[in-house]
Amino acid sequence: MSGSDRSAQRTSGGDGAAGRRATRRTGRRPGNPDTREAILDAARRLFAERGYDGASIRAVAATAGVDPALVHHYFGAKDRLFLAALDAPADPAAVIPQVTAGDPGGLGERLVRLFLTVWDSPAGAGAVALLRSSMTNDRTARMLRDFLVTQVLRRLLEHLDTDPAELPLRGSLVAGQLVGLAVTRYVLRLEPVASASPETLVAAVGPAVHRYLTGDLT
């Protein structure tokens with residue numbers, strides 16, 4: 001373990017007043033990039049094997065051969081580690097409130113608009129690469145599925161006033177609509193969807209997504 005990693009571990013454990021003063025002066029230091037990559041490699045392996053709910057910070061640390069305090073030092077909580085391991089194009093915790101706030105009647109349209117905003121942005125290139133990889137790589141597919149379920153759909157569906165027994169189906173239908181849109185627009189580049197304006201797609205797809213979220217499914 002490098003000197004910077006040992007320092008990070010002492011800081012994480014609260015090693016006296018001097019350590020706390022140093023932390024206040026310098027903030028979180030980058031540390032050893034090899035250690036960071038070892039943690040990410042371990043996280044990708046465990047998230048792919050066990051899923052988001054089955055993997056723990058302690059297990060990732062053990063696999064990487066580091067103290068759990070170092071995982072927290074580099075990445076913070078488990079959801080932050082998961083986003084880094086997946087190289088997610090956006091942080092759902094930060095953007096989902098943009099969807100759930102406002103008129104409930106516009107929920108589906110706001111979700112599609114946000115989806116297109118992220119995928120049309122520079123970060124969208126990484127999302128397209130991830131989607132392509134998930135089609136041929138089982139480990140990537142599981143991580144992408146867990147991202148949609150645990151980071152996006154859970155945060156969204158918890159705001160719905162609907163029968164809890166229907167939530168898995170509603171979430172799957174929404175995911176299918178959005179992933180299908182992504183494949184059509186960004187992977188297959190099928191016209192006219194590929195070059196359509198975001199608002200055209202919001203108007204066309206938003207009502208279907210809204211029905212899956214709040215409407216009658218029978």
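The questions and answers below concern this predicted model.

Colleague: How many helices does the protein chain have, and how many strands?

Modeller: This is a predicted model. From the N terminus on, the elements run α-α-α-α-α-α-α-α-α-α-α-α. The count for the protein chain is therefore 12 helices and 0 strands.

Colleague: What share of the contacts with a separation of 6 or more comes from residues 24 or more positions apart?

Modeller: The protein chain has 218 residues, and 42% of them count as buried. Among contacts with a separation of 6 or more, the share from residues 24 or more positions apart is 68%.

Colleague: Which elements do the buried residues of α4 pack against?

Modeller: Helix α4 covers residues 57-64, and its buried residues are Ile57, Ala59, Val60, Ala61 and Ala64. Just after α4, Gly65 has a positive phi of about 75 degrees. The buried residues of α4 pack against α3 (33-54), α5 (68-75) and α6.

Colleague: How far apart are the end C-alpha atoms of residues 56-75?

Modeller: Residues 56-75 carry the UniProt annotation "DNA-binding region", which comes from an unreviewed entry. In the model the span is 80% helix and 0% strand. Its end C-alpha atoms lie apart by 13 Å.

Colleague: Is Asp79, the partner of Arg155 in a salt bridge, buried or exposed?

Modeller: The closest N and O atoms of Arg155 and Asp79 are 3.6 Å apart. The pair links distant parts of the chain, with Arg155 in helix α10 and Asp79 in helix α6 (residues 78-86), 76 residues apart. Arg155 has 22% relative accessibility and so counts as partly exposed. Asp79 has 19%, and because the cut-off is under 20%, Asp79 counts as buried.

Colleague: Where does Asp91 lie, the residue that forms a salt bridge with Arg80?

Modeller: Arg80 and Asp91 have their closest N and O atoms 2.3 Å apart. Arg80 is in helix α6, and the two residues are 11 residues apart. With a relative accessible area of 40%, Arg80 is partly exposed. Asp91 lies in the loop between α6 and α7 (92-100).

Colleague: In the salt bridge of Arg185 and Asp120, which residue is buried?

Modeller: The N to O distance in this salt bridge is 3.3 Å. Arg185 is in helix α11 (residues 167-187) and Asp120 in helix α8 (residues 107-120), 65 residues apart. Asp120 is partly exposed because its relative accessible area is 36%. At 6%, the buried residue is Arg185.

Colleague: How many salt bridges does the count come to?

Modeller: Side chains of opposite charge can pair when their charged atoms come close. The cut-off is a side-chain nitrogen of Lys or Arg within 4 Å of a carboxyl oxygen of Asp or Glu. By this rule the count is 7 salt bridges.

Colleague: Which residues is Thr140 in contact with, leaving aside its neighbours within four places in sequence?

Modeller: Thr140 lies in helix α10 (residues 138-157). Its relative accessibility is 15%, so Thr140 counts as buried. Leaving aside the neighbours within four places, its contacts are Leu130, Ser133 and Ser134.

Colleague: How do the residues lining the largest pocket divide into nonpolar, polar and charged?

Modeller: About 150 Å³ of space lies in the largest pocket. Its lining includes Thr100, Pro104, Leu156, His159, Asp161 and Leu213. The lining residues divide into 5 nonpolar, 5 polar and 1 charged.

Methods:
Residues numbered from 1 in each chain as written. Predicted model: local features only at pLDDT ≥ 70, side-chain atom pairs only at ≥ 80, totals over all residues. Heavy atoms only, no water. Helix = DSSP H or I, 4+ residues; strand = E, 2+ residues; numbered from the N terminus. Buried < 20%, exposed > 50% of the residue type's maximum accessible area, 1.4 Å probe, protein only. Contact = heavy atoms within 4.5 Å. UniProt positions renumbered as here; feature names shortened; annotations may be inferred. 1 Å grid on protein atoms, 1.4 Å probe; cavity = no way out; pocket = protein on both sides within 12 Å on 5 of 7 lines; lining within 4 Å. Points joined across faces, edges and corners; volume = space filled by probe spheres on them. Nonpolar A, V, L, I, M, F, W, Y, C, P; charged D, E, K, R; others polar.
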